[in-house]
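Here is a short tour of one protein chain. Keep the sequence and the 3D view side by side as you read.

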Amino acid sequence: MIPFQDLLAAYSQGLFPMGQSDHDTRFDWFRPTNRGILPLDVFHIPRRLRRRVRSGHYTASLNSDFNFVIQNCARREDTWINRTIINSYLNLHRRGFAHSIESREDGRIIGGLYGVAFGGVFFGESMFS
């Protein structure tokens, strides 16, 4: 497991860990040259999506099942989310730095996102649907 202090220090420098594969516990540190940024003050939700969300079939929750979300993010044929990454982010979650957002249809989780929040920024790491 990566110590939570090391993870937070890395994030503050623009680094994040990425596992070698799901069958390997090793990881490397990555610093992408470009990061996607969603400025929330000008974020646009299309009218059709807004209508669909308001239909009442969908709900969103925060941190209701972090473990389920990260496990499902890792459930792919080829993934960078290995046991070291999962345990490290579960530890960050227990300490209040990692969060999940769950999307539900008729009460059942149909998608989710997890990431790290600190210093007024949320770093989205992975998602599934």
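## A positive patch

Patch members have over 30% relative accessible area and no salt bridge, with like charges joined within 9 Å and nonpolar side chains (Val, Leu, Ile, Met, Phe, Trp, Tyr) within 5 Å.

R52 sits in helix α2, residues 47-54. Helices (H or I, at least four residues) and strands (E, at least two) are DSSP runs, numbered from the N terminus. R52 is exposed, at 53% relative accessible area. Buried means under 20%, exposed over 50%, and partly exposed in between (1.4 Å probe, protein chains only).

## About the model

This is a predicted model, in which local features need pLDDT of at least 70 and side-chain atom pairs count only at pLDDT 80 or more, while totals for chains, interfaces and linings use all residues. Residues are numbered from 1 along each chain as its sequence is written, and side-chain values use heavy atoms, with hydrogens and water left out.

## A nonpolar patch

The surface also has a nonpolar patch, formed by L38, L40, F43, I45, L49 and V53. Together they have about 620 Å² of accessible area. Such areas come from the Shrake-Rupley method with a 1.4 Å probe, and for residues only the protein chains shown count as cover.

F43 lies in the loop between β2 (24-30) and α2. F43 is partly exposed, at 46% relative accessibility.

## The salt bridge

How many salt bridges does the rule give? The count is 1 salt bridge. The rule asks for a side-chain nitrogen of Lys or Arg within 4 Å of a carboxyl oxygen of Asp or Glu. Side chains of opposite charge can pair when their charged atoms come close.

The partners are D24 and R26, with their closest N and O atoms 2.6 Å apart. Is D24 buried or exposed? D24 is buried, because its relative accessible area is 19%. R26 is exposed, at 53% relative accessibility.

## Links across the chain

D24 belongs to strand β2. T84 belongs to helix α4. D24 and T84 are 60 residues apart along the chain, yet their C-alpha atoms are separated by 8.6 Å. R26 and T84 are 58 residues apart in sequence, with 7.3 Å from C-alpha to C-alpha. T84 is buried, at 11% relative accessibility.

## The nonpolar core

The largest nonpolar core has 24 residues. A core is a set of buried Ala, Val, Leu, Ile, Met, Phe, Trp, Tyr and Cys residues joined through side-chain atoms within 4.5 Å. I81, Y89, L92 and Y114 touch the most other members. At least two residues of this core come from each of α1 (4-12), α3 (66-74), α4 (83-94), β5 (108-118) and β6 (121-128).

## Two positive phi values

Most residues other than glycine have a negative phi. N63 is not a glycine, and its phi is positive, near 60°. N63 lies in the loop between β3 (58-62) and α3. N63 is partly exposed, at 27% relative accessibility.

D106 is not a glycine either, and it has a positive phi of about 50°. D106 is in the loop between β4 (98-105) and β5. D106 is exposed, at 61% relative accessibility.
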